[in-house]
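Colleague: I'm new to this one and would like to learn how to read it. Could you put it on screen and take me through it?

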Amino acid sequence: MPPGREFSVVLHRAEDRVRLEVRDSGPGQPRVQQVADDACSGRGLHLVRELADDFGVDDHVVGKTVWLVFKTAAASG
């Protein structure tokens, strides 16, 4: 990560879901890329689309937050 770039990771747990948020101060929007088989990066959104039940991007004045939701079994009491 370039100097001066900040990021944070937050995990929220609810009764039947987990929400993961990754916020960074960089410009631009994440996008699905076509990558070579031997590439070391560029597969993040492919994984998100396959594994998460929902995802999106929230824009901020500086940076953005990419969030993913995973459904879980409700806790039994």
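Colleague: Which residue in S2 is the bridge partner of Val 9?

Modeller: Val 22 is the partner of Val 9 in S2. This is a predicted model, where local features need pLDDT of at least 70 and side-chain atom pairs count only at pLDDT 80 or more, while totals for chains, interfaces and linings use all residues. Residues are numbered from 1 along each chain as its sequence is written, and side-chain values use heavy atoms, with hydrogens and water left out.

Colleague: How do I read strand pairing, and how many bridges link S1 and S2?

Modeller: Two strands pair if DSSP finds at least two bridges between them; strands are DSSP runs of E, at least two residues, and helices runs of H or I, at least four, numbered from the N terminus. Strand S1 (residues 7–13) pairs with S2 over seven bridges, in the antiparallel sense, and a hairpin of three residues joins S1 to S2. S2 (residues 17–24) also pairs with strand S4 (residues 64–71), antiparallel over eight bridges. There, Val 18 stands opposite Phe 70 in S4.

Colleague: And where do nonpolar side chains go? Which residues make up the largest nonpolar core?

Modeller: In soluble globular proteins, nonpolar side chains tend to be buried together. A nonpolar core is a set of buried (under 20% relative accessible area, 1.4 Å probe, protein chains only) Ala, Val, Leu, Ile, Met, Phe, Trp, Tyr and Cys residues joined through side-chain atoms within 4.5 Å. Here the largest has five residues: Leu 45, Val 48, Ala 52, Val 66 and Leu 68.

Note on methods: Buried means under 20% relative accessible area, exposed over 50%, partly exposed in between (1.4 Å probe, protein chains only).
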